[in-house]
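Please keep the sequence and the coordinates at hand while reading.

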Amino acid sequence: MRRLFERISMETTRKGKIIVAGIGPGDAADLTPAVCDAIRESDVVIGYKYYFQFISSYMRPDARREDTGMRRERERATRAFELAEAGETVCVISSGDPGIYGMAPLVLEMGRERGSEVEIVVLPGISAFQKAAAKLGAPMGHDFCVISLSDLMTPWERIERRIIAAAMGDFVTAIYNPKSEGRYWQLYRLKELFLKERAPETPVGFVRQAGRTEEAVEVTTLADFDPERVDMFTVVLIGNSRTFLDGKKMVTPRGYYNKEEDADEKLGQAIMIRSFQTIERELRQPDIPLDRKWALLHAIHTTADFEMESLLWADEGAVAEMYRRLCSGETRTIVTDVTMAAAGIRKGALARLGVEVECYLSDERVADLAVSQRVTRTQAGIRLAVAEHPDALFVFGNAPTALMELCALMRRGQARPAGIIAAPVGFVHVQESKHQVKVFQGVPKLIIEGRKGGSNLAATLVNAVLCFDDAEQLKPGRDV
């Protein structure tokens, strides 16, 4: 009789426990030793029935199994507390990591709600995005975030704000629950939002059934990513502005192998890319020819002035034609009216194309010529330039008299420019000089109409021409 009372007393005082264990994505090799021990220790294992195939071999022969179908999470948590409060050790299994879209938050919330004194232990597991990342290479090498597209618990409006924040923040982004039978359009919307902030060639990887026998791994780009190739068992990973593809591997560098100056250059380009994307979104009329848009984006980026939409006048195909002539070697020289305009033209781009910049304003012959012929020094400089480089690309960012001089020399057949960029600035003869140059046919021209202009604006239009091959990808700043 005494032994019976002792056994009853022990059973009455025995304290139960809930272990919320992450079993990883589905590969037995990814189960942690701590989780394996927890399963062996447990009197009861509770979970979604699909997951038991991965852990049954670790259960004690006398352990009980309670499995349920999908979307029965609250019932499983309630049952776990009933058993644990009766003194049993209960293991609640959760795929991946139980704290990442898993059972741990629900169990802890329910424990507080019930006022339960049951001990709750959370054991981490390898999350699906970690397994997918390992299969893809090293896409999570820098700051990242994880977003679920399931709107069962979260309003879509909030999910969309998170998507925009991730895209704008240049986070490597893992996408959970990308699609289901009833949710077919959300992934398309995510792609649309990311393309507003990321370059089309941004690497994208997706892994179906990561760690399981049905596993499939694919890499592509953001532009070519097809949401129809994704299902509810897929994790999608979108790289950041530094992520690159090495064969079929995605790599997001941490920065260990970048020289400091290289890192600064790439950061500068990344900022410029984001600026151009912002400008493009805010254009009143974004559906314009690519070469005009490329010049316009550069002009607005330099001035922060959206009036450039109405001020930039361009011959059809002007940027493309100037670029073609520079690339083919037909044009080897760029002539500027003032040294400040010359200084703003990117030296890396000039070296890449084998082009030289000349400004005659500081030429020792200019002063004498200006006095003897009673013209301005910039006019004298243009006369010398035309004598030595009649077929150059001529660039004006300051002096309307210099632009008018070129027009006069063109009418006399002495100048045959490969192109003209006309952005003189001021109040006297500025608008007239631009009207004069506009009439010449067969010469590709970019003109900033009205009084506005300047050497920085003229130089940036030249830079737009020099890197026109980057326009289609909207990726400025290669030579920054």
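A residue counts as buried when its relative accessible area is under 20%, as exposed when that area is over 50%, and as partly exposed in between. The model discussed here is a predicted one.

By that cut-off leucine 474, at 13% relative accessibility, is buried. Leucine 474 lies in the segment after α18 (455–466), and its phi is near 50 degrees, a positive value in a residue other than glycine. Most residues other than glycine have a negative phi. Asparagine 177 also has a positive phi, near 45 degrees, but with a relative accessible area of 31% asparagine 177 is partly exposed. The table sets out the two residues.

| Residue | Phi | Relative accessible area | Place |

**Helix α18 and the cores**

Helix α18 has twelve residues and reaches 16 Å from its first C-alpha to its last, close to the 16 Å expected at 1.5 Å a residue. Eleven of the twelve residues of α18 are buried, which leaves the helix mostly covered; among these buried residues are Leu457, Leu461, Val465 and Leu466.

The largest nonpolar core has 42 residues, and those with the most contacts inside it are Trp294, Met308, Ile334, Leu446, Ile448, Leu461 and Leu466. Several elements each supply at least two residues of this core, including α8 (260–282), α9 (290–303), β17 (393–396), β19 (445–448) and α18. The largest share of this core, eight residues, comes from α18. Apart from this core lies another, of 28 residues, among them Tyr360, Val386, Ala399 and Leu403.

Which residues does tryptophan 294 contact, leaving aside its neighbours within four places in sequence? The partners of tryptophan 294 include Phe276, Ala464, Phe468, Leu474 and Pro476. Leucine 297, placed in helix α9, is buried with a relative accessible area of 0%. Not counting residues up to four places away in sequence, leucine 297 touches Phe276, Ile279, Glu280, Leu283 and Leu474. Leucine 297 and leucine 283 are 14 residues apart in sequence, and their C-alpha atoms are 9.2 Å apart in space.

**The sheets**

Five strands form an open sheet with mixed pairing, in the order β7-β8-β11-β9-β10. Because β7 (144–148) and β10 (216–221) stand at the edges with a single partner strand each, one side of each is left without a neighbour in the sheet. Neighbouring strands of this sheet are turned by 20 degrees against each other on average, direction ignored. Within the sheet, β8 and strand β11 (residues 234–238) run antiparallel and are joined by three bridges, and isoleucine 175 has valine 236 in β11 as its bridge partner. Helix α6 (residues 156–168) lies across β7 and β8, and runs at about 160 degrees to β7.

An open sheet of three strands, also with mixed pairing, has the order β6-β13-β12. Here β6 (137–138) and β12 (244–246) each have a single partner strand, so one side of each is left without a neighbour in the sheet. Over three bridges, β12 pairs with strand β13 (residues 249–251) in the antiparallel sense, and leucine 245 stands opposite methionine 250 in β13.

How values were computed. Residues numbered from 1 in each chain as written. Predicted model: local features only at pLDDT ≥ 70, side-chain atom pairs only at ≥ 80, totals over all residues. Heavy atoms only, no water. Buried < 20%, exposed > 50% of the residue type's maximum accessible area, 1.4 Å probe, protein only. Helix = DSSP H or I, 4+ residues; strand = E, 2+ residues; numbered from the N terminus. Pairing = 2+ DSSP bridges. Expected span 1.5 Å × (residues − 1). Core = buried A, V, L, I, M, F, W, Y, C linked by side-chain atoms within 4.5 Å. Contact = heavy atoms within 4.5 Å. Axes fitted to C-alpha atoms, helices over the stretch in contact; angles between N-to-C directions.
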